Amino acid sequence: MENFDICIVGAGPAGCITALELQHLGYKVLLIEKTTFPRFHIGCSFSSGILHWLTTLKLTDLLSPALLHKHSMTSILWEDNTIINKYEQGLTVDRGIFDQLLLQHVISLGVHVIQSAMDVRIQEMPDTTWMIQVKKENTFFQFGARFLVEATGRKSLLKTGKKGYLPPLIATYAFLPQSFKHPIVEASAEGWFWGTPFKDVSLIAYFSHPTAVQKYKNSNNCYTAALQTFQTVSLLIPNNLQTFTCNASSYEDKSPIASNYIKVGDAAYTTDPISAQGVTKAIKSAVHASKVIHTLLQQPHMNEHAIAYYEQLIRRDVSQHGQWMNDFYGRQQIFQTPFWQQYSGRQTMDNTIDFHLHLEPQDLLMIHPDLNFVKSPVLGMRFIEVQNAVVKKREEEPYVFIDNLLIVPILKLIHQQTVFNSINLLYKHYPHVNPIYLLRYLINHQLIIKKEYEINEKTIDPTYFTDSYKEESLS
Ligand SMILES: Cc1cc2nc3c(=O)[nH]c(=O)nc-3n(C[C@H](O)[C@H](O)[C@H](O)COP(=O)(O)OP(=O)(O)OC[C@H]3O[C@@H](n4cnc5c(N)ncnc54)[C@H](O)[C@@H]3O)c2cc1C
């Protein structure tokens, strides 16, 4: 039986990027994929955010052979009955080709890959290592691994349970024999459409609640009925339209990490397809997961921090995405149907305060008395590390950085200073960052508040300035 340091199951973007990163770190990696590439995969619109990751990972060369369309505009019929053209760069790619090129790159770097693997079985051994059994072309192979990565997309391997953080969504899609010039997003009574040019046809997906499909008996009827209401362009709907259906709900895994396994990409959490963020988030989670795995394997004394870091990362992404989606669905004003009431149900918190309205240059600033100073796990160059941070009472998420700057020294710097002095101090200590931007961030997140004279000085915990933070250099 051949032994590996890490076994990754699933060779989509999340599995391949995890394999790449771990191979670079010197691990012996096994990557198992059940299908034969190239295979069709839904999820072909990339927002420009993906370019950051592909550039960082030096993988931009993989994009052009898979690129179908580059667009600078999306037509949106959403907020009222007018079509709005939103000017934003986006890409439509052939995921079959993109995923295949990524996998070929992984193979070229020496990762051991088993593709077209049937019947992948995983067993946790008493010593917490894993035994993996794979059937390929009627032959069984057995491998051992210290660590397991689940990158199987929406199909779970380790049944740890999932919880939905947005109402359920079902996607039905088909290829229509006409090509749009650019992507289209359109609200309809019981769901919404997303259409994009795909080679010389167009791919139109319809997203609705599963009960809408039940009402029409099957997804094909539901899709065709909904398509009749499409407004943005007139469609040619063939009689024998072939449709495909898949689950598009947003969920998070209940237990995405332990000391001997991690879930990455859609296996850890999924995003609403309207955001076109799925692949970008899958790559992001894979990059972070690789450092978490490296920490778990090399620095066992940091296990607790590494696990907490990854859990926090997922919780934060899920919470931000959930709020963003509720806000986006809430802006739809054409239909007031149960579908829209349900999807825009949760009110988003608007914490934004325009501090120009509240502050004068001579106003005194202070650290919010509800902040606690804590130690928080963060992503270092190679491992998960621990840094000083602040957390608000009754909240879980610590504030560690503003961009790449540590927050704690910044808070100390401007505590008890006037707005005018704060801006000068920030400029002096952080000359490469806009001081107004820093101040606005701290005030909008209520980490710094205006010191009203009636605030009792004793409301600030005196240990703020008597512990190790006091000795810390501000530079
Ligand atoms: C309808 C819909 C539309 C979407 N549109 C977009 C979009 O426009 N833009 C975007 O960025 N994202 C979109 N997404 C999301 C995007 O497709 C996913 O987020 C992305 O593919 C996740 O990557 P992954 O590597 O985690 O999983 P996947 O890409 O799903 O890869 C998982 C791999 O694991 C393999 N696998 C599964 N089980 C096993 C097993 N037991 N053994 C071995 N191999 C296994 C699968 O064959 C697959 O190759 C959409 C999703 C849906 C449902």
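**Ground rules.** I am working with a predicted model, where local features need pLDDT of at least 70, side-chain atom pairs count only at pLDDT 80 or more, and totals for chains, interfaces and linings use all residues. Residues are numbered from 1 along each chain as its sequence is written.

**Domains 1 and 2.** Next I checked who touches whom: 10 residues of domain 1 are in contact with 12 residues of domain 2. Contact here asks for C-beta atoms, placed from the backbone, within 7 Å. On the domain 1 side of this contact I noted five nonpolar residues, four polar and one charged. In this scheme Ala, Val, Leu, Ile, Met, Phe, Trp, Tyr, Cys and Pro are nonpolar, Asp, Glu, Lys and Arg are charged, and the others, Gly among them, are polar.

**The ligand shell.** I then turned to the ligand and found 38 residues around it, the closest being Gly12, Gly43, Gly153, Gly265 and Gly278. Domain 1 and domain 2 each supply at least three of the shell residues. Among the elements, α1 (13–24), β3 and α7 (278–298) each bring at least two, and α7 gives the most, with four. Helices (H or I, at least four residues) and strands (E, at least two) are DSSP runs, numbered from the N terminus.

**The sheet.** I traced an open sheet of eight strands with mixed pairing, in the order β3-β5-β4-β12-β13-β14-β11-β15. At its edges I see β3 (45–47) and β15 (244–247); each has a single partner strand, so one side of each lacks a neighbour in the sheet. Two strands pair if DSSP finds at least two bridges between them. Inside the sheet I picked β12 (residues 184–188) and β13 (residues 191–198), which pair in the antiparallel sense over five bridges. Val185 stands opposite Trp194 in β13.

**Record check.** I found that UniProt has "domain: FAD dependent oxidoreductase" (unreviewed entry) at residues 5–45. Such annotations may be inferred rather than shown by experiment. In the model, the end C-alpha atoms of residues 5–45 lie 34 Å apart, and the span is 29% helix and 24% strand.

Definitions and conventions:
A residue is near a molecule or strand if its C-beta atom, placed from the backbone, lies within 6 Å of it. Domain bounds come from an automatic or database domain assignment. Two residues are in contact if their C-beta atoms, placed from the backbone, lie within 7 Å.
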